[in-house]
Amino acid sequence: MTTTTRPGRRSFLTRSAAGGLAATGLGVLPRTLLAATDNPGADAGPARKGGTLVATWGGLEPQALFVPGGGGSSPFQTSTKILERLLKLDANLKFQPALALSVTPSADFRSYTIKLREGVTWHDGAPFTSEDVVYNVLQHWKPISAGIALKSLTGATASDPLTVVLSFNAPVPEFFLNSTLAGQYQLLVPKHLYDGKDLITNPLNNTPVGTGPWKYGKWVRGSHVEYLRNDKYWKAGEPNLDKLVIRWWSDPASRGAALETGELGLAYSNPVPARDIDRLVKTGKVVVDTRGYQNTAWTVTAEFNQRRDIVNRREVRQAILHAIDRQFIVDTIYYGRGKPAIAPIFSSNPLFFTEDVPRYAFDPKKAAALLDAAGLPVKDGKRFTVNLLAAAWFEENAKLGQYLKQALEDVGIAVKLDSVDRATALKRIYGDYDYDIAVSNFTSPLELVPTVTQFFTTDGIVKGAAFRNATGYSSPEMDAIVGKLAVETAPEARRALAAQFARLASTDVPIVPLVEIQSFTLAGKKVRNFTTGANVQGETLADVWLQA
Amino acid sequence: MPIRLILRRLLQAVPLLLGVVVLNFALIQSVPGTFLDVMTAEQQVTDPALIERLRVTYGLDQPPAMQLLKYIGSVARLDFGYSYRHNLPVLDVILAHLPATLVLMLASIAIAVLVGMAAGIVSAVKVNTWWDSAVSAFAVLCFAAPSFWLGIMLIILFSVKLGWFPVGGMVTIGLDGGIWRQALDVLHHLTLPAVALGLFYSAAYARVMRASMLEVSRMDYVRTAYAKGLTRAAVVLRHILRNAVLPIVTLLGLQLGAVMGGSIVVEAVFSWPGIGGVLFDSVMSRNYPVVLGILVLSSLVVIVANIIVDLLYTRLDPRIKAA
């Protein structure tokens, strides 16, 4: 049954999941068969067949229905109804078979054998085979969508129509590889339609052909995309609905109104401002659910440019952190829908989270004292001036920029604040490195390598590449820890390395998560079974159903 | 005469359109960030070689002047370029959205003109009465209320509370039926956004109509008409209105561009699948072929509309000759 959020629900789920993971060896799967388990996120009761669901998310229309490099959350949602992945990470944080039945490592973890599901066909009727997987590994994932994750990949071969062997030049942790295969960017496209053509600009990306429960129906640009039932879907009986529609409301207030009138049935990823949630729930027509975001935890960050004087000094960064009241940010900017972040590994990550890290409690007097001790006393009314850049792609970031300006000025630091649009922010932060302190965001999956670690490693410094190491932080010690984390295959040893990573990151603080932002879904009361995975944005919605 | 006028005006439009392209290209170039910055960020592209390949593929390795010249050359061949973001030719992107915007513009202008003129006439005929004050208050309110706020208020009242109109979109998804049923469905969806946009602009028409009516009322020929023994209604309808309407026609021509701009906001509130959302997104993603394409085509729409206004002028007042 669909549930509304209750106090402590998220932490309860997190602890439950943590217990489950500990019991199964930190989420590592039985090697020959990916376990089918009960799904606590599923709603009980027989699914009712039929009906149309209109769904949306808290953002805009995608640029294409499928974007080979990933393309962010919007195309991720539109493409995952049609295109599938090899594995799925369920709400219990266990990998479930999707197009792969099993993923088995060799004894030295330098190769993996993938057994594929039998009898799967593409929507045009062609059979899905190991050749498709090999094509995607070599032509899609490795060069475009998962270059860093598959850095050590040396080959992919099809040993028979349903078996693929991946070879690596270094040991690859099992959780890491499974996370990659179940990841946001590892969708499978048909080789027979893409081979020999440019994957990125292929017109087929607007009308994808996949193996999923939904077939492309119609895309009315600026309005919605319609999906038709795939009657030959490999999972017999699904999808439950006759039709699925993803529609875009560019204005959050309209999104809330559409939920209220029933024109919209399901809305993922913070579709309305946090302040509107309680009002909508009180109407009795809408429920809120915070499940399903474990693998896409969301944060707002402060990034300190190591190329700039003063903020390149660790003691200054640490002092500045003491001037910031994170609880105030949660309460006022996020309306309580979040919690102060502790470290780059979030508290919602039961696999790697540790509390054993340096903390920077809000203490302006201590901040001032530390700055004095660093030889930066107040002179002529200020200690020094920083250029603070707020990437205002979210209104909360702009507000946070204003708060930080005030907070830093309270301890004598003059601030020149720029709140800029998306393209400007991307260029200034990740292209030109033109800032002292930047307010930005990142999303963190459970597996830290490479999505989180690349903010801290030397090889994460790629000029012009967004959401990487833009601060220029480079530490041999950090590189060594992450290097080991990438190849360590023992789960307990990985956990210890992750703790080392978190402690060093929280000591050197080149980039600091300030708030773990709570993600939420809103749904009409009759919508059932809409959260069954660890990343709801990528749900196929095959098992969703509508109560009479 | 009108044909010569039309041809001359269309020829005059060529340097104007060239100016639009050059100015807007320069404006987009002057702001930080390129399409590739946004695209590589969205697509999580990190490989420097791939980024460079994309830069060459999309011509971003060329100097801006060369990019502009190439663009002008392709527009001259009626090729508006390719939208990397949409994976479609720019013209296809525009044609997919323009009809919705034109429908919204026409409906809102019709509401603005009809409501505004009616209010202005009442105000002028009942000058210095409470009718006049009420119309003035109405005009001030309509003009002061931002159309996005008015849109949200209309949604709360007529969609959420009363359930009379849909919250957004242009059609009911999956609606079957003949062309009339579908047309009525579009009309149903169109009502609130057209009212939200139309009421805002009706304020100007009301004020201009009132002033114009009062001015014409003081003319000698109006006094003569009364002296001939005509009824007040006849004088107002046959003598005052026809001459007082000329400033309204002028305003109509001037406001077309503004209505198109205003529709961007209303389209966002009502999820109207028009060109506004595409333009906004294209500016934000620095997708300049689409931005320029929309601006060129919308400039053309305004130019053509102004030619129609000029023709109307000569029809309404034969003393005005096409210059």
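Where in chain A is A:Asn295 found? A:Asn295 lies in the loop between β12 (286–289) and β13 of chain A. This is a predicted model, in which local features need pLDDT of at least 70, side-chain atom pairs count only at pLDDT 80 or more, and totals for chains, interfaces and linings use all residues. Residues are numbered from 1 along each chain as its sequence is written, chains are lettered from A and ligands numbered from 1 in the order in which they are written, and side-chain values use heavy atoms, with hydrogens and water left out. Helices (H or I, at least four residues) and strands (E, at least two) are DSSP runs, numbered from the N terminus.

- A:Asn295 counts as buried because its relative accessibility is 18%; buried means under 20% relative accessible area, exposed over 50%, and partly exposed in between (1.4 Å probe, protein chains only).
- Leaving aside neighbours within four places in sequence, the contacts (heavy atoms within 4.5 Å) of A:Asn295 include A:Leu89, A:Ser444 and A:Ala534.

**The sheet of chain A**

- Six strands of chain A form an open sheet with mixed pairing, in the order β14-β18-β13-β17-β15-β16; two strands pair if DSSP finds at least two bridges between them.
- From one strand to the next, the twist averages 30 degrees; axes are lines fitted to C-alpha atoms, for helices over the stretch in contact, and angles run from 0 to 180 degrees between N-to-C directions.
- In chain A, β13 (residues 297–304) and β18 (residues 511–517) are antiparallel partners over six bridges, and A:Trp298 stands opposite A:Ile517 in β18(A).
- Helix α9 (residues 326–333) of chain A packs on the sheet and touches β14 and β18 of chain A, its direction making about 40 degrees with that of β18(A).

**Helix α13 of chain A**

- The buried residues A:Met478, A:Ile481, A:Val482 and A:Leu485 belong to α13(A).
- Seen down the axis of α13(A), its buried residues fall within an arc of 90 degrees, so they line one face of the helix; the arc is that of the directions from the helix axis to the C-beta atoms.
- Exposed residues A:Pro476 and A:Lys484 are on the face of α13(A) turned away from its buried side.
- The cover over the buried residues of α13(A) includes α14 (491–508) of chain A.
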